[in-house]
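Trainee: I'm new to this one. Could you take me through the pockets, and the biggest of them in particular, then whatever else is worth a look?

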Amino acid sequence: MYYMSTRGDGRRLTASQAIAQGLALDGGLLTPEALPPLTADFLDKLRGMTYPQRAVAVMAPFLSEFSEEELGAFAQAAYGGGKFDCPEVAPVRPVDEGTYCLELWHGPTCAFKDMALQMLPHLLTASLEKNGERKQVCILVATSGDTGKGALEGFKDVDRTKILVFYPQNGVSAIQELQMVTQEGGNVGVCAVKGNFDDAQTGVKRLFADEGLREQLAGRGYFLSSANSINWGRVLPQIAYYVSAYCDLLNQGAVQSGQTVNVCVPTGNFGNILAAYYAKCMGVPIGKLICASNANNVLTDFLRTGIYDKNRPFYQTLSPSMDILVSSNLERLLLALTEDRAQVAEWMGELNATGRYQVSDRLTQKLREEFASGFCDDAQTKAQIAKTWKEHGYLIDPHTAVAFHVLEEYRRETGDKTPTLVVSTASPFKFCDGVLDALGVAEKAQGLDILDQLSQVSGRPVPAPLAGLRGKAHRFTQCAEKDKMVDQVLEMLI
Ligand SMILES: *Cc1c(COP(=O)(O)O)cnc(C)c1O
């Protein structure tokens, strides 16, 4: 399997080259030339497997240079050994007749990023090995909250790697910030940025594009790579859980072989829902892909009108991991639907120059066939948390609540009764403040005591990785101007 840029500089890379490099040299995203088909027989075979085995089976055809033994060891290291707090790793819970929740937050940082970021370091270090790379890799991450912690936890003390995470000051939840600034490990750095997530992401993209910096770092024995979902090594492990979820739905008798399910995904950078789209293209019987946004509803508008326009107010919401105006992975979808790299490059150029582009009517039509979309504000998010708790005794975080809200609206508008998998992306304990508000608790406990308070109110245990934050030292306190992020890199890589 070979990989090429979405913008088409024509270079073909192997999987290990694509993963080691992170981003194409022309600024595009490295994307497989084709998607390997999954047959019904294959899905049947996966039904009896564990999660790590399923992940290997799904990933192997994309990674022809890696042996099954190698991938098996990676999957075991990523998902085995008690790293996840339930044996299914990514369990599917029935919520009501026709609604199932895919819980992706049972890993070490309590958000879905763990599903990919526990795997990526293994793929990346092996990729460096395969390419005879002698330099150390420095992972630069811009995070809206969960990626940063997920990447830190995945890469901490991994040989020949360093990792530096930038997060928007005041743009992440108190628990998210605490998770990052207390990160342990000898190869990690964390820094706040004065600005919002897009400022941090733009800043990191600028660092990657800085030829002078690259040369300077090469002289010091380092090169830069990415753990953001622009890296194929992030998207690929995410395809596995959609395949796995379908197997679980079959095993639970929720669907019959071949029966269609819809998927509803709380969306930010478009990585998670893109993986669902790829799973569908490969043969998982997925119908509508329902893209759920918060008040930053640039994707809702795009999927309905074909106009992408980031020139709009940026809102800080209760679901900060979705506070994004430029969804990087949309570029991969545009390529998949048009197969026209020059056209994708043109749209991305317009986006860069004006913050806006408009696709053809034909493509808009295709988008509307594949995707439904909707959004909700913070008040609706809270109301949904309360409703799901009251009606089903099921506690959800604000990101997941956005998805439930949008699904209910979609069902009301369309009457579509297709069984639906709602993707749950974070533990409610990562967002205690908003969740307690939603449950009508006015007097909130201070600091980490809020975890115990939510536990008392809900009767659910505090996840061990969050309970363990108590008493940890604050190691990182720096805050950089958005045009001074380069100083952090140079300071860390001496
Ligand atoms: C990252 C994240 C999202 C958004 O996922 P994308 O792949 O960026 O669309 C949604 N919810 C939570 C909790 C997240 O951490």
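Mentor: Let's start with the largest pocket, which holds about 890 Å³ of space. Keep in mind as we go that this is a predicted model. Of the 32 residues lining that pocket, Arg7, Leu23, Gly27, Lys205 and Asn352 are the closest to its centre. Helix 9 provides the largest share, with 7 residues. If you sort the lining by class, you get 15 nonpolar, 8 polar and 9 charged residues.

How does one find spaces like this at all? Roll a probe the size of a water molecule over the atoms, and you see where empty space is left.

Now for the second largest pocket, with a volume of about 370 Å³. Its lining is made of 21 residues, and those closest to the centre are Val172, Ser173, Ala174, Ile175 and Asp433. Helix 8 (174-181) and helix 19 (432-438) each put at least two residues into this lining. By class, the second pocket's lining splits into 11 nonpolar, 7 polar and 3 charged residues.

You'll find Arg460 in the loop between helix 20 (449-458) and helix 21 (464-467). Leu395 is 65 residues from Arg460 along the chain, yet their C-alpha atoms are separated by 8.6 Å. With Gly393, the side chain of Arg460 reaches the backbone oxygen at 3.4 Å.

Last stop: helix 3, residues 51-59. This helix is mostly covered, with 8 of its 9 residues buried. The buried ones are Tyr51, Pro52, Arg54, Ala55, Val56, Ala57, Val58 and Met59. And what do they pack against? Their partners are helix 2 (40-46), helix 4 (68-79), helix 5 (113-117), helix 6 (120-130) and helix 11 (232-251).

Terms used. Residues numbered from 1 in each chain as written. Predicted model: local features only at pLDDT ≥ 70, side-chain atom pairs only at ≥ 80, totals over all residues. Heavy atoms only, no water. 1 Å grid on protein atoms, 1.4 Å probe; cavity = no way out; pocket = protein on both sides within 12 Å on 5 of 7 lines; lining within 4 Å. Points joined across faces, edges and corners; volume = space filled by probe spheres on them. Helix = DSSP H or I, 4+ residues; strand = E, 2+ residues; numbered from the N terminus. Nonpolar A, V, L, I, M, F, W, Y, C, P; charged D, E, K, R; others polar. Polar contact = N/O pair within 3.5 Å; in protein donor to acceptor, adjacent residues only side chain to side chain. Buried < 20%, exposed > 50% of the residue type's maximum accessible area, 1.4 Å probe, protein only. Contact = heavy atoms within 4.5 Å.
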